[in-house]
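Colleague: I have this model open on my screen and would like to learn how to read it. Could you walk me through it?

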Amino acid sequence: MMASSAGLSNLAVTDGGEIIGSSHIDYIGGDGHGSASVFRLSKSGQPVRSFGTDGHVELAHKDAGGTFPFWYPAGMTIGASGRITITGDGTGVGAKSKGAVRTVRITRSGKVDSSFGPAGDGWVVSNGVSDGGPPLCGSVLTSNGSLAVGVVVRGRGGL
């Protein structure tokens with residue numbers, strides 16, 4: 001199975017001057033799933049070795065059936081505690097997961113944050129936000145620390 005990158009999707013600078021970026025990785029052949037790649041650089045541009053594996057983490061989420069869905073990360077936020085939230089189109093297999101938006105939160109060190117999400121696995125899957133067409137979405141932290149996700153589906157908008 002080969003992996004191909006779709007380029008950098010998000011870039012942010014922390015209060016301490018570190019750079020965090022995320023992008024999409026598309027697996028060609030095999031199951032063809034997508035995942036997110038997140039990196040963290042020091043303010044001098046060096047990988048932060050304590051983040052994930054040598055400054056990088058790859059995030060993929062399995063559906064209940066054990067398969068990886070298509071997931072195209074499109075939005076990223078960084079909270080005050082350094083936790084990183086990534087949101088994107090996450091359409092899986094079957095009618096129930098059409099038009100899904102997947103959101104994952106990781107800790108400052110790049111580990112999936114198990115305190116986030118109803119299953120305690122760091123993920124939230126919002127199914128049925130469209131008729132199955134690929135949504136475009138982004139995310140932002142509100143002033144009270146809540147996560148707001150905006151979705152545009154085939155020219156229609158919604159939250």
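**Reading the strands**

Modeller: Gladly! From the N terminus on, the elements of the protein chain run β-β-β-β-β-β-β-β-β-β-β. That comes to zero helices and eleven strands, where helices (H or I, at least four residues) and strands (E, at least two) are DSSP runs numbered from the N terminus. This is a predicted model, in which local features need pLDDT of at least 70 and side-chain atom pairs count only at pLDDT 80 or more, while totals for chains, interfaces and linings use all residues. Residues are numbered from 1 along each chain as its sequence is written, and side-chain values use heavy atoms, with hydrogens and water left out.

Colleague: How many bridges join β5 to β6, and in which sense do these strands run?

Modeller: The general idea is that two strands pair if DSSP finds at least two bridges between them. Here, β5 (residues 72–78) and β6 run antiparallel, joined by six bridges. They form a hairpin with five residues between them, and Gly 82 in that turn has a positive phi of about 90°. On its other pairing, β6 meets β7 in the antiparallel sense, again over six bridges.

Colleague: Which residues partner Thr 85?

Modeller: Thr 85 of β6 has Thr 77 as a bridge partner, and in β7 its bridge partner is Arg 105.

Colleague: How many residues of β6 are buried?

Modeller: Buried means under 20% relative accessible area, exposed over 50%, and partly exposed in between (1.4 Å probe, protein chains only). In β6 (residues 84–89), six of six residues are buried. Across the 159 residues of the protein chain, 39% count as buried.

Colleague: Why does Arg 102 count as buried?

Modeller: Arg 102 counts as buried because its relative accessibility is 1%. This residue lies in strand β7 (residues 101–106). Its side chain makes a polar contact of 2.7 Å with that of His 61; such a contact is a pair of N or O atoms within 3.5 Å, and within protein one must be able to donate a hydrogen and the other to accept it, with residues adjacent in sequence counting only if both atoms are side-chain atoms.

Colleague: Which residues touch the most other members of the largest nonpolar core?

Modeller: A nonpolar core is a set of buried Ala, Val, Leu, Ile, Met, Phe, Trp, Tyr and Cys residues joined through side-chain atoms within 4.5 Å. Of the 14 residues in the largest one, Val 38, Phe 51, Leu 59, Trp 71, Ile 84, Ile 86 and Ile 106 touch the most other members. At least two residues of this core come from each of β3 (34–41), β4 (56–59), β6 and β7.
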